[in-house]
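Here is a short report on one protein chain. It starts with a single side chain and then widens to the fold.

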Amino acid sequence: MNAYVPILVLGAIALGFAVFSVLIASAVGPRRANRAKLDAYECGIEPIGGGSGTSTLSDVRRTVVQRIPVKYYLTAMLFIIFDIEIVFLYPWAVAFDALGWFGLAAMALFIVNVSVAYAYEWRRGGLGWD
């Protein structure tokens, strides 16, 4: 039990800091809502078309449909493709000797699947830097 005391103390300090930070932020922070705080956030991409965003607190409850460029979603999809690829390739490379031919065939099938997603992304123009 004595071995877990430092971990419990560190957890209590972390929890205390988190609670203290939230309470201090709500007590000291500004409470005025403005147009920038109430607008939809899509990673800095400006909406296309006539969507004007929200302007009052009552408008926040309503859903405002705005067109967002597809380029944002293609970039997110590219990140997911390569993230999943790395998550599976790294453990496979570490245990490559123990897996044998079955592991090689399974990873080859996985690479084919990832290549299909990569080809789709390339064809849709997600790799262009314009």
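Glu 85 counts as buried because its relative accessibility is 15%, where buried means under 20% relative accessible area with a 1.4 Å probe and protein chains only. Glu 85 sits in helix α4. Beyond its neighbours within four places in sequence, Glu 85 is in contact with Phe 110, Ile 111 and Val 114; contact means heavy atoms within 4.5 Å.

This is a predicted model, in which local features need pLDDT of at least 70, side-chain atom pairs count only at pLDDT 80 or more, and totals for chains, interfaces and linings use all residues. Residues are numbered from 1 along each chain as its sequence is written, and side-chain values use heavy atoms, without hydrogens or water.

Helix α4 (residues 70-94) packs on helix α5 (residues 96-124) at about 170 degrees, with the axes 10 Å apart. So α4 is roughly antiparallel to α5, a label for angles over 145 degrees. Their contact has 22 nonpolar, two polar and three charged residues.

The chain holds five helices and zero strands, helices being DSSP runs (H or I) of at least four residues and strands runs (E) of at least two. Of its 130 residues, 13% count as buried.

An unreviewed UniProt entry lists residues 6-28, 72-93 and 99-120 as "transmembrane region"; such annotations may be inferred rather than shown by experiment. Two of these spans are tabulated below.

| Span | End C-alpha separation | Helix | Strand |
|---|---|---|---|
| Residues 6-28 | 32 Å | 100% helix | 0% strand |
| Residues 99-120 | 30 Å | 100% helix | 0% strand |

Note on methods: Axes fitted to C-alpha atoms, helices over the stretch in contact; angles between N-to-C directions. Parallel < 35°, antiparallel > 145°, perpendicular 65-115°, else oblique. Nonpolar A, V, L, I, M, F, W, Y, C, P; charged D, E, K, R; others polar. Buried < 20%, exposed > 50% of the residue type's maximum accessible area, 1.4 Å probe, protein only.
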